[in-house]
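Subject: Structure handover

Hello,

Here is the structure I said I would pass on. Please have it open while you read the notes below it.

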Amino acid sequence: MQVRELMNPSVVSVMPTDTVAAAAQLIARHNVGSVPVVGSDGGLRGILTDRDIIVRCIAAEEDPAKVQVKDIMTRNCSVVKPGDDARQAAERMAEAQVRRLPVMEDQKLVGMVALGDLAKCHVCDMEAGQALAQISDRDHHIWEN
């Protein structure tokens, strides 16, 4: 099964110059854990996670109404293509220790695929389970320290 069959093509995104406060409101409104950061050309610049907001802005005692997304976003994020196999997406999530991947085609963001999307695909149950186990194992070790 290909990523295009599982991805969500309706992607909520932010611009690098948006404020962190505006991005956080968007994240809350759409009940998502992250949003891709795209330039005016539609190209991916990074991803902003709820963790980025907490750790790099709030905990750093920065003002979310003044800080721009580009200042705290995660750069160089892993991506997949619509034609990639769903198993490849699961493996990439496990390697990158993430639950969501931007889907890129011709240098443009065309969707997002989440670990939950892969779990719904019974063809890749094992890969999704392994990815979740690796991500959860990392999360578990963080809480132990």
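**Helix 3 and the rest**

Just after helix 3, Gln97 takes a positive phi of about 60°. Helices (H or I, at least four residues) and strands (E, at least two) are DSSP runs, numbered from the N terminus.

This is a predicted model, in which local features need pLDDT of at least 70, side-chain atom pairs count only at pLDDT 80 or more, and totals for chains, interfaces and linings use all residues. Residues are numbered from 1 along each chain as its sequence is written, and side-chain values use heavy atoms, with hydrogens and water left out.

Helix 3 covers residues 86-96, and its residues Ala86, Ala89, Ala90, Met93 and Ala94 are buried. Buried means under 20% relative accessible area, exposed over 50%, and partly exposed in between (1.4 Å probe, protein chains only). These five lie on the same side of helix 3, because they cover an arc of only 135° around the axis; the arc is that of the directions from the helix axis to the C-beta atoms. At the N-terminal end, Asp85 caps helix 3, with a side-chain oxygen 2.8 Å from the backbone nitrogen of Arg87.

As for the whole protein, there are five helices and four strands, in the order α-β-β-α-α-β-β-α-α along the sequence. Of its 145 residues, 37% are buried.

The structure has zero disulfides, a disulfide being a pair of cysteine sulfur atoms within 2.5 Å. Cys57 is buried at 0% relative accessible area, whereas Cys77 is partly exposed at 21%.

Regards

How values were computed: A polar contact is a pair of N or O atoms within 3.5 Å; within protein, one must be able to donate a hydrogen and the other to accept it, and residues adjacent in sequence count only if both atoms are side-chain atoms.
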